[in-house]
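Let's go through some structural labels together and check each one against its cut-off. Here is the model to look at.

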Amino acid sequence: MELIESTLGELLEKWAHETPDQEFIVYPDRNLRFTYSQFNDRVDKLAKGLISIGVKQNDKVGVWATNVPDWSAFMFATAKIGAVMVTINTSYKSSEIEYVIKNADLHTLCIIDGYRDSDYVNMIFDIVPELRTCVRGELTSSRFPELRNVIFIGPQKHKGMYSTHELILLGSYLPDDELNKRREKITCHDVVNMQYTSGTTGFPKGVMLSHHNIVNCGQSTGDCMNYTQADRLLVCVPMFHCFGCVLALCAIITHGSTMVFVEDFDPLMVLASVQKERCTALYGVPTMFIAELNHPMFNMFDLSTLRTGIM
């Protein structure tokens, strides 16, 4: 196998140029669709927004969210400016998120409202009380001296936090030259992700991964699956895990294929999405496949387009 020497950002730009109208990301439940060109435009605005709020090369940007549309956008936006995206487990409680913020030296933290019984917004206000009174972009935390920004992934406004809408607006005012200068300094051997281990044998450890690491793992995975631009992968595994952001996203971006997302696993939503979007591949852990196969409505769906997958 010939190794790819491109960065994540360069791969996205390649497909945005060669197949601009090919669908890259689809959310069937809300009929949200991004072509490669549309997604690349959003990523560029988000990347420039991050530059506008002071995110520099090698700064750590944590993303604590389910498979929301901008999870992937933040992965590419940080990659384009040379920042390091830290993937954060959605099941973390206050003590665990506090550990990661400190251990990773997070400069910026991006969050959604919460997951299951965890309220992320209030958890962050509790451990970073300065947010309630600080001006956005001027956060100074006694507990987390490296932390400068908190971003809410969504349109809602919270004390001391930027929203992604505001970030994209800020980015739209920044000249492209600023982004281009950053991009020129990045190589495929730079660190792009910090992914944390499960911590079953001690505290979780942040693993530093380069563009070269994850892109070529993705390429080899996609090659094994015989992916082409015609393939449509249903992604219902979490993006914070390497299953989602490497075996899924990086396998797709190296082959110019399409990702169909389910924000949080639901067997009925998975079955309906496979049929609606005529997916050719499906990923999951054994319990996910069991839940799909045992669903009382399983036989109602046409899953004949599926040809491969990973368990």
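A charge sits over a ring if NZ of Lys or CZ of Arg is within 6 Å of the ring centre and within 35 degrees of the ring normal. Please keep in mind that this is a predicted model, where local features need pLDDT of at least 70, side-chain atom pairs count only at pLDDT 80 or more, and totals for chains, interfaces and linings use all residues. Residues are numbered from 1 along each chain as its sequence is written, and side-chain values use heavy atoms, with hydrogens and water left out.

Q: What makes Lys-14 a charge over the ring of Trp-15?
A: The charged end of Lys-14 is 4.5 Å from the centre of that ring and sits over it. Another example is Arg-132, which lies over the face of Phe-125 at 4.2 Å from the ring centre.

Q: Why is the pair of Phe-34 and Phe-39 called edge-to-face?
A: Rings of Phe, Tyr and Trp (its six-membered ring) pair if their centres lie within 6.5 Å; planes under 30 degrees apart count as stacked, over 60 as edge-to-face and the rest as tilted. The structure holds 10 aromatic pairs. In this one the centres are 6.0 Å apart and the planes are at 70 degrees, so the pair is edge-to-face. Both Phe-34 and Phe-39 are buried (under 20% relative accessible area; exposed is over 50%, partly exposed in between, with a 1.4 Å probe and protein chains only). They also belong to a cluster linked by ring pairs, together with Trp-15, Phe-24, Tyr-36 and Phe-76.

Q: Why are Tyr-99 and Phe-203 called stacked?
A: Their ring centres are 5.3 Å apart and their planes are at 20 degrees, so the pair is stacked.

Q: What makes Phe-203 exposed?
A: Phe-203 has a relative accessible area of 61%, so it counts as exposed.
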